[in-house]
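Student: I have a protein open on my screen and want to go through it. Can you help me read it?

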Amino acid sequence: PKITYVAHDGVETVVDVAQDDTVMRGAVLNGIKGIVAQCGGGASCGTCHVYVDPENTKPLSQMHQVEDELLYFTACERKENSRLSCQIPVTEEQDGLIVHMPEKQL
Ligand code: FES
(Lines give C-alpha, C1' and ligand atoms only; values in the text may rest on other atoms or scores of the structure.)
Protein backbone atom coordinates (compact mmCIF):
# COMPACT_ATOMS: atom_id res chain seq x y z
CA PRO A 1 0.00 0.00 0.00
CA LYS A 2 1.21 3.47 -0.86
CA ILE A 3 1.39 6.05 1.90
CA THR A 4 2.15 9.71 1.28
CA TYR A 5 4.17 11.56 3.90
CA VAL A 6 3.99 15.32 3.71
CA ALA A 7 6.80 17.13 5.50
CA HIS A 8 6.21 20.36 7.36
CA ASP A 9 7.73 22.28 4.44
CA GLY A 10 5.25 20.67 2.05
CA VAL A 11 7.58 18.15 0.42
CA GLU A 12 5.70 14.94 -0.31
CA THR A 13 7.24 11.48 -0.32
CA VAL A 14 5.26 8.46 -1.47
CA VAL A 15 6.37 5.15 -0.02
CA ASP A 16 5.21 1.61 -0.63
CA VAL A 17 4.73 0.27 2.87
CA ALA A 18 4.56 -3.48 3.48
CA GLN A 19 1.24 -4.86 4.63
CA ASP A 20 1.01 -5.07 8.38
CA ASP A 21 3.80 -2.62 8.94
CA THR A 22 2.70 0.62 10.51
CA VAL A 23 2.69 4.13 9.09
CA MET A 24 5.58 4.86 11.49
CA ARG A 25 7.69 1.94 10.26
CA GLY A 26 7.05 2.89 6.66
CA ALA A 27 8.65 6.24 7.39
CA VAL A 28 11.57 4.99 9.44
CA LEU A 29 12.48 2.17 7.03
CA ASN A 30 12.51 4.63 4.15
CA GLY A 31 14.52 7.32 5.89
CA ILE A 32 11.73 9.83 5.97
CA LYS A 33 12.64 12.73 8.17
CA GLY A 34 9.92 14.09 10.36
CA ILE A 35 9.08 10.94 12.27
CA VAL A 36 11.48 10.09 15.07
CA ALA A 37 9.83 7.11 16.78
CA GLN A 38 12.18 6.98 19.76
CA CYS A 39 10.37 4.12 21.47
CA GLY A 40 10.26 1.99 18.34
CA GLY A 41 6.52 1.69 18.21
CA GLY A 42 5.65 1.07 21.83
CA ALA A 43 3.18 3.93 22.13
CA SER A 44 5.28 5.52 24.83
CA CYS A 45 7.34 8.33 23.25
CA GLY A 46 4.94 10.40 21.19
CA THR A 47 7.63 11.22 18.60
CA CYS A 48 5.80 9.57 15.72
CA HIS A 49 3.00 12.14 15.79
CA VAL A 50 1.23 12.80 12.49
CA TYR A 51 -1.79 14.70 11.31
CA VAL A 52 -4.00 12.52 9.14
CA ASP A 53 -5.03 14.38 6.01
CA PRO A 54 -8.24 16.28 6.74
CA GLU A 55 -9.78 14.89 3.54
CA ASN A 56 -9.03 11.31 4.52
CA THR A 57 -11.73 8.73 3.84
CA LYS A 58 -9.64 5.61 4.51
CA PRO A 59 -10.62 3.53 7.51
CA LEU A 60 -8.07 3.82 10.29
CA SER A 61 -7.45 1.76 13.38
CA GLN A 62 -9.37 2.83 16.42
CA MET A 63 -7.50 4.99 18.89
CA HIS A 64 -6.71 3.25 22.14
CA GLN A 65 -6.54 5.01 25.47
CA VAL A 66 -2.74 4.94 25.69
CA GLU A 67 -2.44 6.70 22.35
CA ASP A 68 -5.13 9.16 23.27
CA GLU A 69 -3.36 10.13 26.48
CA LEU A 70 0.08 10.37 24.91
CA LEU A 71 -1.18 12.72 22.21
CA TYR A 72 -1.48 15.42 24.86
CA PHE A 73 2.30 15.33 25.32
CA THR A 74 3.57 15.61 21.76
CA ALA A 75 6.02 18.37 20.80
CA CYS A 76 3.53 19.99 18.46
CA GLU A 77 -0.04 20.70 19.37
CA ARG A 78 -2.62 18.00 19.20
CA LYS A 79 -5.32 18.57 16.62
CA GLU A 80 -8.52 16.76 15.85
CA ASN A 81 -6.72 14.67 13.23
CA SER A 82 -3.67 13.83 15.36
CA ARG A 83 -2.54 10.21 15.58
CA LEU A 84 0.54 8.29 16.62
CA SER A 85 1.73 6.76 13.37
CA CYS A 86 3.01 3.64 15.17
CA GLN A 87 -0.58 2.88 16.06
CA ILE A 88 -1.83 2.88 12.47
CA PRO A 89 -1.32 -0.53 10.85
CA VAL A 90 -1.17 -0.53 7.06
CA THR A 91 -3.31 -2.83 4.96
CA GLU A 92 -4.68 -2.50 1.42
CA GLU A 93 -7.48 -0.44 2.89
CA GLN A 94 -5.04 2.35 3.70
CA ASP A 95 -3.61 2.48 0.18
CA GLY A 96 -3.41 6.17 -0.72
CA LEU A 97 -3.39 7.44 2.85
CA ILE A 98 -1.83 10.87 3.31
CA VAL A 99 -0.27 11.97 6.58
CA HIS A 100 1.23 15.34 7.43
CA MET A 101 4.20 15.53 9.73
CA PRO A 102 4.43 18.19 12.43
CA GLU A 103 7.18 20.79 12.53
CA LYS A 104 9.05 18.87 15.21
CA GLN A 105 8.75 15.69 17.25
CA LEU A 106 11.03 16.57 20.16
FE1 FES B 1 6.90 5.92 20.12
FE2 FES B 1 4.95 5.82 18.29
S3 FES B 1 7.02 5.31 18.07
S4 FES B 1 4.84 6.43 20.35
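Tutor: We will go from the overall fold to the sheet, the core and a few single residues.

Student: Fine. What kind of model is it, and how are residues numbered?

Tutor: This is a predicted model; local features need pLDDT of at least 70, side-chain atom pairs count only at pLDDT 80 or more, and totals for chains, interfaces and linings use all residues. Residues are numbered from 1 along each chain as its sequence is written.

Student: How many helices and strands does the protein have?

Tutor: The protein has 2 helices and 5 strands. Helices (H or I, at least four residues) and strands (E, at least two) are DSSP runs, numbered from the N terminus. Along the sequence the pattern is β-β-α-β-α-β-β.

Student: And how compact is the protein?

Tutor: Its radius of gyration is 12 Å, close to the 13 Å that the globule rule gives for 106 residues, so the protein is as compact as a globular protein of that length. The radius is taken over C-alpha atoms, and the rule is 2.2 Å times the number of residues to the power 0.38. Along the principal axes, the C-alpha atoms fill a box of roughly 30 × 30 × 25 Å.

Student: Now the sheet. In what order do the strands sit?

Tutor: The 5 strands form an open sheet in the order 2-1-5-3-4, with mixed pairing. Two strands pair if DSSP finds at least two bridges between them. Strand 2 (12-16) and strand 4 (82-84) stand at the edges with a single partner strand each, so one side of each is left without a neighbour in the sheet. On average, neighbouring strands of this sheet are turned by 35° against each other, direction ignored. The axes behind that angle are lines fitted to C-alpha atoms, for helices over the stretch in contact, and angles run from 0 to 180 degrees between N-to-C directions.

Student: What holds strands together anyway?

Tutor: Strands of a sheet pair through backbone hydrogen bonds, either parallel or antiparallel.

Student: Which sense does strand 3 use with strand 4?

Tutor: Strand 3 (residues 49-52) pairs with strand 4 in the antiparallel sense over 3 bridges. Tyr51 stands opposite Ser82, and Val50 is opposite Arg83. Strand 3 also runs antiparallel to strand 5 (residues 97-100), joined by 2 bridges. There, Val52 stands opposite Val99.

Student: Which residues cover the faces of strand 3?

Tutor: His49 and Tyr51 lie on one side, Val50 and Val52 on the other, and all are buried. A residue is buried if 20 or more other C-beta atoms lie within 10 Å of its own, exposed if 12 or fewer, and partly exposed in between, with C-beta atoms placed from the backbone. Buried residues make up 33% of the 106 residues.

Student: Which residues touch the most other members of the largest nonpolar core?

Tutor: They are Ile3, Val23, Met24, Ile35, Cys48, Val50 and Val99, out of 20 residues in that core. Strand 1, helix 1 (23-29), strand 3 and strand 5 each give two or more residues to this core. A nonpolar core is a set of buried Ala, Val, Leu, Ile, Met, Phe, Trp, Tyr and Cys residues joined through C-beta atoms within 7 Å.

Student: Why is Ile3 counted as buried?

Tutor: Because Ile3 has 26 C-beta neighbours inside 10 Å. Ile3 is in strand 1 (residues 2-6). Leaving out residues up to four places away in sequence, Ile3 touches Val15, Val17, Val23, Gly26, Val90, Gln94, Leu97 and Val99. Contact means that two C-beta atoms, placed from the backbone, lie within 7 Å.

Student: And Val23, what does that touch?

Tutor: With the same exclusion of residues up to four places away, Val23 touches Ile3, Val50, Ser85, Ile88, Val90 and Val99.

Student: Switching topic: is Asp20 buried or exposed?

Tutor: Asp20 is exposed, with 9 other C-beta atoms within 10 Å. Asp20 is in the loop between strand 2 and helix 1. Its phi is near 75°, a positive value in a residue other than glycine.

Student: What about the phi of Ala43?

Tutor: Ala43 has a positive phi of about 55° although it is not a glycine. Ala43 is in the loop between helix 1 and strand 3, and is partly exposed, with 15 C-beta neighbours inside 10 Å.
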